[in-house]
Structures are given as structure tokens and as C-alpha cells.
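Opening my notebook on this one. I'll jot down what I looked up, entry by entry.

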Amino acid sequence: MTILTQLVDELNAGSLKIVDLTQPLGPDTPVIGLPPQFGQSPGLTMEVVSCFDDKGPAWYWNVLHLGEHTGTHFDAPVHWITGKNLPDNTCDRIPVKRLVGPACVIDVTRQVAANEDFLLMPDDVLAWEKQHGRIPRDSWVLLRSGWSARTDETSFLNVRDDGPHSPGFHKTTSELLARDRDILGVGVETVGTDAGQAGMFDPPFPNHSTMHGAGKFGLASLRNLDQLPPTGAIVIAAPLKIVGGSGSPLRVLAIAPS
Ligand code: MN
């Protein structure tokens with residue numbers, strides 16, 4: 001029996017499952033807002049081309065208008081100025097082997113429930129590794145924060161007078177993961193891979209800056225991370241092959257033990 005026939009058998013037997021880590025994508029999908037001096041990415045709009053009518057009596061299809069970074073989406077290295085000159089840094093050029101990798105799921109649900117501005121520290125990573133083993137090279141590190149339980153836009157974006165509040169990574173943690181552990185990238189349940197307040201950090205948005213500068217990727221607005229074990233799942237995260245694309249909405253799937 002080959003490993004692939006065994007995979008199909010285990011899926012059919014239910015000892016392995018496919019977990020959908022993706023938010024629904026529609027006009028209500030929340031989009032990150034930036035300070036007003038910056039360009040804004042619009043939410044998704046859909047326009048019917050035809051729906052079994054005069055414009056197409058036997059077929060139904062839509063036109064989509066949306067930003068690359070809408071809903072559950074992929075960040076390519078070219079998304080950030082630190083990664084703009086790296087080789088193979090756009091959605092169409094990333095080697096596909098790098099779109100599949102093992103998942104390390106770090107559960108900080110309890111910490112985030114107590115502090116919505118929680119930042120993952122290097123010590124948190126080391127404590128996780130003490131329990132689950134060293135984070136392997138070319139793995140996805142997924143921050144399970146419980147944030148995806150916030151299904152309405154207001155509590156998901158959580159913007160107050162002083163800006164958005166949501167969890168993320170301390171700069172030194174991003175450096176550890178990108179440089180020392182040499183991971184594929186990080187995935188989060190929040191609207192972006194930096195903490196809500198990270199626009200005011202030094203440097204601003206340190207996770208984007210560090211990860212993309214090291215040629216690493218990002219996955220934002222994930223859900224169902226509670227269905228994954230700390231180790232042992234495989235993530236498949238393939239952005240659309242947009243020529244020159246800085247990111248893309250995508251369907252993120254995990255293969256996990258049941
Ligand atoms: Mn993004």
C-alpha cells in the first residue's frame with residue numbers, strides 16, 4: 001500500500017478528516033481598515049452576469065470585485081516593503097511545495113480571553129516546544145486565539161477610539177519563528193497577521209515586516225483551529241495564481257487526525 005492509497009483509506013474510514021479553516025467569503029466579510037491617510041481595500045461586491053435569464057438562459061455566474069487581502073487570505077512576501085525585492089515573492093511565483101506543510105498550533109485562547117491585546121512571546125513558543133517538540137522547518141505556525149468566535153464585524157475588528165485591539169506576535173517572536181525556526185509562515189484567526197495595535201509598534205506591523213522580509217507567508221482570518229491538534233495536521237494553503245499578486249483569498253484546508 002502506498003502512502004497515498006493509505007491516505008484515501010484513512011479519510012474514507014474517518015480516522016483522518018479534512019478541516020475547513022476558511023471563513024465564508026461574501027459582501028459581509030469584514031475587511032481591515034487603515035488610518036484615513038492610507039488607501040483602503042473595499043469589501044467584496046458581487047454583480048450577477050446572468051442567472052437563467054435573458055442574459056444567459058441556461059447559466060448563472062457573477063463578477064467579483066474585492067481586494068487581494070479579503071476574508072481568509074494569503075499574504076505573499078511582496079506584500080511588504082521588506083520582501084519586495086526577494087525572488088519568487090508573488091502569488092504566481094511561490095513554489096507550490098511551499099504551499100503545503102505541517103501545522104504547529106499554539107493555543108492562547110485563555111490568554112486572549114483575559115487580554116485582547118495579547119502578544120505571543122518567545123517564551124510562549126519555548127514552553128510550547130517543551131511540550132510538543134521543536135517547531136520544524138517549513139511548518140505553518142497557527143495562533144489559536146479563539147478570535148474567530150467573533151462572527152460579527154464590530155467585535156471581530158474590535159476598533160476603539162485608539163484603534164483596533166486584537167492579539168498577535170511580539171517582534172522578537174516573529175524573528176524567532178522566521179529566522180531561527182525557518183517556518184513557512186504564521187496563520188491567525190484575526191483580520192491580519194499583526195496585532196490590532198501594531199501600527200503603533202516600532203517598527204510598525206513587525207510581524208509583516210519580519211516574516212515577509214524573510215520570504216515567509218501569512219494566513220489571516222482562519223477559523224476552526226480548535227479542530228486541529230497541536231501537531232500532526234497538514235495545512236494546504238494555495239493562493240490564486242495572480243500574476244504579480246501580493247496575496248489572495250483562498251480556501252485553507254487541513255488534514256488532521258479525527
Ligand atoms: Mn493580508
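Is Thr29 buried or exposed? Buried: I get a relative accessible area of 7% for Thr29. (For the cut-offs, buried is under 20% relative accessible area, exposed is over 50%, and partly exposed is in between, with a 1.4 Å probe and protein chains only.)

Ground rules before I go on. I'm looking at a predicted model, where local features need pLDDT of at least 70 and side-chain atom pairs count only at pLDDT 80 or more, while totals for chains, interfaces and linings use all residues. Residues are numbered from 1 along each chain as its sequence is written, and side-chain values use heavy atoms, with hydrogens and water left out.

**Entry: Thr29**

I placed Thr29 in the loop between strand 1 (16-20) and strand 2 (45-53). Not counting residues up to four places away in sequence, Thr29 touches Gln23, Pro24, Thr70 and Gly71. (Contact means heavy atoms within 4.5 Å.)

**Entry: the sheet**

How many strands form the open sheet, and in what order? I find nine, ordered 1-15-13-5-7-11-12-4-14, with mixed pairing. (Two strands pair if DSSP finds at least two bridges between them.) Strand 1 and strand 14 (247-249) are the edges, each pairing on one side only. The twist averages 25° from one strand to the next. (Axes are lines fitted to C-alpha atoms, for helices over the stretch in contact, and angles run from 0 to 180 degrees between N-to-C directions.)

I zoomed in on strand 11, which pairs with strand 12 (residues 217-220) in the parallel sense over three bridges. Gly187 stands opposite Leu219 in strand 12. Helix 6 (residues 206-213) packs on the sheet and touches strand 4 (73-75), strand 11 and strand 12. The direction of helix 6 makes about 145° with that of strand 11.

Val188 is in strand 11 (residues 185-188) and is buried at 3% relative accessible area. Val188 and Leu142 sit 46 residues apart in sequence, yet their C-alpha atoms are 5.9 Å apart. Beyond four places in sequence, the contacts of Val188 include Phe169, Leu219 and Leu222.

**Entry: the metal**

What coordinates the manganese ion? I found His69 (ND1), His73 (NE2) and Asp75 (OD), at 2.1 to 2.3 Å. (Donors are N, O and S atoms within 2.8 Å of the metal, or 3.2 Å for Na, K and Ca; water is not among the atoms, so the site may look incomplete.) The spacing of the donor residues in sequence is H-x3-H-x1-D. His73 and Asp75 are buried.

**Entry: aromatics**

I get four aromatic pairs in the structure. (Rings of Phe, Tyr and Trp, using its six-membered ring, pair if their centres lie within 6.5 Å; planes under 30 degrees apart are stacked, over 60 edge-to-face, the rest tilted.) Phe52 and Tyr60 are a tilted pair because their planes are at 40°, with centres 6.1 Å apart. Phe52 is exposed at 53%, whereas Tyr60 is partly exposed at 45%.

Trp80 and Phe205 have centres 5.7 Å apart and planes at 70°, so I log them as edge-to-face. Trp80 is in the loop between strand 4 and strand 5 (100-107) and Phe205 in the loop between strand 11 and helix 6, so the pair ties together parts 125 residues apart in sequence.

Note on methods. Helices (H or I, at least four residues) and strands (E, at least two) are DSSP runs, numbered from the N terminus.
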